Amino acid sequence: MPILDSKLNKESDSFRKNKEATLEMTVALEELLEEASRGGGEEATARLRSRGKMPLRERISCLLDPDSPFLEISALAAWRSPFTIGSGFVVGIGVVENVECLILGHDPSVRAGAFNNFNMKKLMRGLEIARENRLPYIQFVESAGADLRGEAGDDPEAAIQRETEHFGESGRLFYEITELSKLRIPTISLVFGSSTAGGAYQPGMSDYNIFIKNQSKVFLGGPPLVKMATGEDATDEELGGADMHTRTSGLGDYLAKDESDGIRICREVVAHLNWKKLGPEADKNFSEPVHENDDLLGLVSEDLRSPFDIKEVIARITDSSYFEEFKPLYGPTLVCGWAKIHGYAVGILGNNGALFSESSEKAAQFIQLCNQINTPLIFLHNITGFIVGTDFEQGGITKDGSKMINAVANSTVPHISIILASSYGAGNYAMSGRAFGTRFTFVWPLAKIAVMGPKQMAGVMSIVGRAAAERKGIDFDERADAERAKIAEHWAEERSKGLYATSRIADDGMIDPRDTREVIAICLSSISSNVVKGTKEFGTWRM
Amino acid sequence: MEDVKPIERILIANRGEIARRIIKTCRKMNIVPICVYAETDSEAPFVNEADLAINLEGRTSLETYLNHEKLIDACKLTNADAVHPGYGFLSENHEFAKTVIDNGINWIGPSPEIIKSMGDKLSAKEIMKKAKVPTLPSVKIEQNTDIKAAADKIGYPLLVKASAGGGGKGMRVVREKEGLASAIDGAQREAKNAFGDSTVFLEKWLEDTRHVEVQIIGDQHGNIIHCYERECSIQRRHQKIIEEAPSSAVTPKIRKELGETAVNAAKAINYFSTGTVEFLLSDQGYYFLEVNTRLQVEHPVTEEILGIDLVQEQISIAENKKLSVSQKDLEINGHAIEARIYAEDPEKNFLPSPGVVQRWMPGNQSLTRFDSGVEEGTTVPSEFDPMIAKVISHASTRRQAAKDLAQALKSTKLYGIKNNKEFLESTLLHENFLEGDTTTDFIEKTNPPRARSISTSELEEAAIAVVMESQALNRSSAKVMQSIRSGWRNSVMPPQSLELKTKKKQLLIRYQSKRNGTFEIIDSEGNKRPVRLYTSGNGKLDFELEKTRVKYDVIKIGNKWFVQNFRGHIEFEEIPRDSQDGEEENSIEIKAPMPGAVIKTLKNEGDLVLKGDLILILEAMKMEHQIVAPRKAKISRMHAGVGDQVTNNQVLVSFEDEHEEKK
C-alpha cells in the first residue's frame with residue numbers, strides 16, 4: 001500500500017491559528033471532563049465515603065483490568081441543562097477479565113442516582129451499544145428511581161405544554177435488558193444501594209445479580225409505601241436486604257461482603273462467561289502513522305470556512321500512514337479507500353468538498369465493495385452538504401445522492417463516524433450520521449452539526465420572510481429582520497456546536513483530535529465482539 | 001601395603017553442594033560419578049549432573065543418606081569401586097566405613113579405626129593430651145554424675161557439648177548454674193536426634209576466642225603435611241558462616257607451631273587422607289578441640305590460597321598414591337574468604353526457611369568461586385541442611401577478599417526463599433571484620449544488620465520500577481485491545497494504582513500514562529513525577545525518573561516482586577486489589593511455622609494457657625522450635641501428637657473462641 005504524503009505547511013498562519021483555536025477547545029473539554037468526574041460534588045462524595053462507599057468512577061476503575069483502556073460514552077451529557085454535567089450516569093466500554101464489556105453505572109452522588117431524561121437517553125444508548133456489538137452488559141445499580149422534581153422551577157402548565165413524552169411509553173429499558181439476555185449477551189447487575197420500584201426490575205431482568213451485604217436494597221415498594229398500602233411495619237432489610245434476597249427470595253445470586261468484594265465477584269462472573277469474539281481479528285504487527293499526530297490540531301479552522309485536505313487526517317490515523325485510494329480521479333470531493341487501523345482492515349470515506357453526483361455514485365459503489373468483503377467503514381465528516389444549483393439538479397444530484405444514502409442506510413458492516421468539522425443537512429445523513437445506525441459517532445472540538453450553516457439559515461429565513469411580506473403586500477421591516485436574523489443566527493450557531501450535540505447525546509462524545517486513532521481502534525475492537533458481515537441487499541437503486 | 005587399583009567409579013554418599021563439588025573433581029580425573037538421592041532430592045542438580053544415580057526411596061536422613069544397607073546396595077547396583085562420603089551424614093561413621101571396606105569397596109577417607117578413635121570427642125581429647133597437645137578441662141556426663149559438682153569443678157561459663165557429631169548441634173553455653181540442667185537435657189535430646197548418641201560432656205568455656213583449624217593431608221605411606229590454618233570464628237547458632245584462610249590472628253611463629261602440633265597430633269594416630277585439627281585460639285594460647293576425619297565444608301579457602309584440589313588428593317590417597325605435594329611446596333598465596341548462604345531468616349534468629357529457589361543467578365563470578373547445591377527451581381527441603389551455596393573470594397589482601405565477596409553476594413540474585421545474603425554482606429563489610437577483630441562471639445557482640453537499610457527515596461524508586469514493569473506485563477498479556485496505550489482514558493477517571501508492601505512499609509503508587517507515551521507518577525504526598533520509559537516488560541527496567549536514568553532488574557514470582565540494582569535487592573509484596581480478610585486479633589489457632597515433626601507436647605486439651613506458655617516442640621530442619629501460646633486462652637484441641645509429621649501452616653492447636661462462649 002502507498003504511504004500518504006503530507007503537504008501540510010506547519011509554518012503557516014492558518015495552521016498556527018487553527019491549532020490555537022483547537023487547543024483552546026481541548027482545554028475547555030478537559031475542564032468539562034474534570035467537572036463531570038466530580039459527579040455530585042465534594043460534599044456528596046465525602047458523604048458516600050463516610051458510609052464506606054466508593055464513588056462511581058472508583059468502582060468502575062476497580063472493575064477494569066489494570067492498565068486496560070476505558071472509552072467513556074457521552075461524558076458531557078446534560079451540559080448546559082438543569083442537570084449535573086454527565087447526567088449522573090457513567091457509561092463506557094471497558095475490559096474486564098479480558099472481555100470487552102459495556103459498563104453502566106448510576107452515580108449515587110448525583111440526586112441519589114435518580115433517572116432523568118438525559119441519563120435515560122444515555123442508558124438506552126448503552127443498551128444499544130451492548131446489543132449491536134454483542135458486549136456483555138454490566139450495570140452498577142443504585143438509584144432513587146425517577147427524579148420526580150422534573151425541571152424544577154418551571155411553570156407547570158408550560159411544562160405540560162412542552163412535554164412530548166408520557167409514562168405510557170416508558171420502561172423500554174427493562175425490555176432491552178431481557179432482550180440482551182435473549183440474544184445471549186449476558187447481563188450482570190451489581191446492586192450498590194437502593195433499587196426501588198421500577199428500579200427493582202433492573203436486577204430483576206438481569207442474568208446475574210450480585211448484592212452487597214447491608215447495602216443493597218431491592219423492593220417494589222419501600223417501607224413507607226408498604227405501610228400506606230397494607231399497614232405492615234417492615235424494616236428495609238426484611239423487605240429487600242441483600243441477605244434476604246440471597247437466602248430467601250432468590251433474587252440475588254451472590255452475596256458480597258462489601259463493595260470491593262462485589263466487584264471481585266463481578267469479575268469472576270465475567271471470567272466464567274468463556275467469551276469468544278465473533279468478529280475479525282486484528283493484525284498484531286502494525287506500525288504507527290509516519291506523520292505527526294499533533295498536527296491534527298492545526299487542520300480545522302474555527303469558522304470552518306477554510307478547507308483542509310482530508311488525506312492529511314487519514315495520513316495521521318492509519319497504520320504506517322498507508323492508504324489505498326479508490327477511484328482517485330473520479331468524484332474527488334469524496335475520498336474513498338482502504339487502510340488498516342491498529343491492524344483492523346477498514347474502508348474510509350472522507351470529504352474534500354461538497355457531494356456531487358460523481359462523488360455520491362463513487363460512495364455507493366465503495367460502500368457495496370466494503371459490504372462484499374465484510375469491512376467496517378469509517379466516515380470522516382467535513383461536509384457542508386450536497387451541491388445545489390440548477391445544473392446539478394438537472395444532472396440528478398438528488399437521485400445520485402439518494403443512491404449514496406440508500407447504500408449507507410442498508411449497509412450492514414459497522415460504521416464509525418468522526419465529525420471533524422462541519423456536518424450539515426443531508427450531507428450528515430449521507431456520511432452515516434447518528435440516525436443511520438452508525439455504531440459509534442464522535443465529534444472533534446470545533447465540529448458543527450446542523451440542518452444547514454447558521455448564516456445560511458438566517459439568510460434563508462430572511463428571504464422567505466421578505467417573500468411572504470411581498471405576497472401580503474406589506475412593508476418589510478429591514479431593521480427588525482436584521483435583528484431577527486442576528487438572533488436566529490446566534491442560536492442556530494449555539495445549537496450547531498459540537499458541545500451542544502454531545503450534551504444532547506446526539507453522538508458518543510467529544511474527543512481530542514489527537515485521540516482519534518485510538519478511539520477508532522477501541523471502537524473497531526468492540527465492534528469485533530460481534531459478527532462483521534456485509535450485505536448484497538440494498539433498496540432499489542434510482543437509475 | 002597392597003596395591004590398590006585406580007578408582008573408576010565413585011559413589012557419592014551425600015547430596016547438595018558437596019556432591020556437586022566431588023563430581024567436579026571426578027570429571028577432572030575421568031572417574032564416573034554416581035549419586036544417591038532421597039525423594040525430595042529427585043530433581044536436585046547433583047542428581048542431574050551424576051552419570052548414574054540411585055533412588056534411595058525415602059524422605060528422612062535415616063531412610064536415605066544415613067542408611068548403610070541402601071548405600072551398599074547402591075554401590076553393588078552401580079559397580080562402584082569407591083565411596084566418597086562428603087561431609088556430615090556418614091562421613092565420620094566408622095561402622096559404615098568398615099562395611100564399605102568389608103564389601104571390597106574403597107573408602108575415600110581415613111581408616112575406620114582412625115575415625116573411631118577421633119569420633120568420640122572425649123576419647124580424642126585423651127589421646128591428644130597424651131601426645132602433649134594442649135587441651136581444655138572437661139567432664140563427661142554419665143547417669144550418676146553429680147552435675148553440679150562437675151560444673152563447679154570446671155567453673156562457669158561452660159559449654160555442654162555432644163560427644164558425637166558436630167555442626168553446632170547438641171551444644172549449649174551455660175553461664176550460671178540455673179540453666180545447667182535444662183541445657184544438658186536439651187543438648188542430650190538434640191544429640192540423640194542428630195547423631196543417635198546422647199552422650200554429652202562439660203568443657204570450660206573461654207571468652208574472646210577464635211576458632212582456628214589446621215588442614216592436614218597424609219598418605220598411606222606415612223607422609224603427613226599440613227596445609228596451614230583456616231579461621232572460622234564467624235558463627236551463628238554455633239555454626240560457621242564465614243571462614244577464611246589464613247587467620248588474621250595467627251603470627252608466623254604461631255603458624256609454624258600450630259602446623260607442627262597438628263602434624264604431631266596426626267602422627268600420633270597414624271592419620272591418612274584429609275583431616276582437620278580444630279583449635280581454640282585465645283590470648284593465652286591454643287587448645288585442641290577435636291579432629292575432623294573428613295573433608296570440611298570450608299575446604300575451598302585452603303584450596304584457593306594453596307592452589308590445590310583437596311578432593312583430588314583424597315582420591316589419590318585412597319588409590320594408595322603418595323602425596324602429590326610436599327610441605328615445602330605449599331606457600332600461602334593471598335587471602336581467601338568463604339561465606340555460606342543459608343535458607344534461613346536472619347530476622348527470626350536465623351530460623352531455617354526451606355522452600356523453592358525461584359531465581360538463582362550468581363553474581364561477580366569472575367572474582368569469586370561458587371560452590372552451590374542449587375539451580376533455579378531447586379527445592380531446599382526441610383529434611384536436610386538448608387545451605388544453598390558457598391561463595392569464595394580470593395584476593396591479594398584480606399580486605400580486598402572481603403570486599404570482593406560482599407560485592408559478589410550483593411550482585412547475586414537469590415529470590416523466592418528467605419536467606420542470609422544481606423546479613424553476610426553486612427558482616428563482611430563491618431569495620432571490626434575488616435580489621436580482623438573476629439572472635440566466636442562476633443555476631444552477638446557487633447550485631448551486624450540482619451538486612452541492609454533502604455532509604456525512603458530508594459524504596460519509592462524501586463516501587464516505581466515495579467509499577468512500570470507491572471503495567472508493561474499487564475499490557476503485553478492483555479487478550480483484547482492490547483495495542484491501546486496503557487491505561488488509556490478519554491475522560492477523567494481515578495489514576496491506575498498498585499499497592500506494594502515491604503516488611504516495614506506500605507506504598508500506594510498511583511500513575512497515569514500520557515498521550516506522548518510517558519507516565520506521571522503520583523506519590524503518596526500527591527506530587528507528580530514524570531517517568532519516561534525506555535525498556536520494560538522483559539525484566540530489565542530502564543527509565544528516566546525526572547532527570548535521572550535508572551535501571552533495575554525486576555521479576556514477579558507469585559505475588560512477590562523482586563527488584564535489584566547496584567544498591568542491592570528489595571522485595572515487595574503486591575497487595576491484591578480486592579479486600580482480603582484481615583488476620584484475627586484474637587487468633588483461635590496456631591499453625592505450624594514450617595513442616596516438621598512434633599517431638600514433645602507439654603499441654604493437653606482443656607488446659608488454660610497464658611501468653612508465652614510452651615505448648616509443644618516441633619522439630620524441623622534438625623532444629624527444635626518452641627510453639628508457645630499467643631495469648632491467654634483455653635486449648636480446645638491439640639491437632640497433632642508426639643511423632644506426628646505436620647505440614648507448613650497445618651493447624652497445631654485450637655483455642656476456645658471467647659466470642660462464641662459469650663453468646
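Reader: Which handedness does the unit of β3(A), helix α4 and β4(A) have?
Author: This is a predicted model, in which local features need pLDDT of at least 70, side-chain atom pairs count only at pLDDT 80 or more, and totals for chains, interfaces and linings use all residues. Residues are numbered from 1 along each chain as its sequence is written, with chains lettered from A and ligands numbered from 1 in the order in which they are written. Helices (H or I, at least four residues) and strands (E, at least two) are DSSP runs, numbered from the N terminus, and a crossover is right-handed if, with the strands pointing away from the viewer, the path from the first strand over the helix to the second runs clockwise. With α4 of chain A covering residues 117-133, the β-α-β unit of β3(A), α4 and β4(A) is right-handed.

Reader: Happy to start there! In β4(A), which residue is the bridge partner of A:Leu102?
Author: Strands pair if DSSP finds at least two bridges between them. β3(A) and β4 (residues 137-143) of chain A run parallel, joined by 4 bridges. The partner of A:Leu102 in β4(A) is A:Tyr137.

Reader: And which residue of β3(A) does A:Val96 stand opposite?
Author: Here β3(A) pairs with β2 (residues 89-96) of chain A, in the antiparallel sense and over 8 bridges. These two strands form a hairpin with 2 residues between them, and A:Glu97 in the turn has a positive phi of about 50 degrees. Opposite A:Val96 stands A:Val99.

Reader: How many of the residues of strand β3 of chain A are buried?
Author: A residue is buried if 20 or more other C-beta atoms lie within 10 Å of its own, exposed if 12 or fewer, and partly exposed in between, with C-beta atoms placed from the backbone. Both faces of β3(A) are covered, with A:Val99, A:Cys101, A:Ile103 and A:Gly105 buried on one side and A:Glu100, A:Leu102, A:Leu104 and A:His106 buried on the other. The strand is therefore largely enclosed by the rest of the structure, and the buried count for residues 99-106 is 8 of the 8.

Reader: Let's move to chain B. What is its radius of gyration?
Author: Chain B has 17 helices and 39 strands. The radius is taken over C-alpha atoms, and the globule rule is 2.2 Å times the number of residues to the power 0.38. For 663 residues that rule gives 26 Å, close to the value for chain B, so the chain is as compact as a globular protein of that length, at 28 Å.

Reader: How far apart do the C-alpha centres of domain 3 and domain 5 of chain B lie?
Author: Domain bounds come from an automatic or database domain assignment, which gives domain 3 of chain B as 210-446 and domain 5 as 589-662. Two residues are in contact if their C-beta atoms, placed from the backbone, lie within 7 Å, and 4 residues of domain 3 are in contact with 6 residues of domain 5. The centres of these two domains lie apart by 39 Å.
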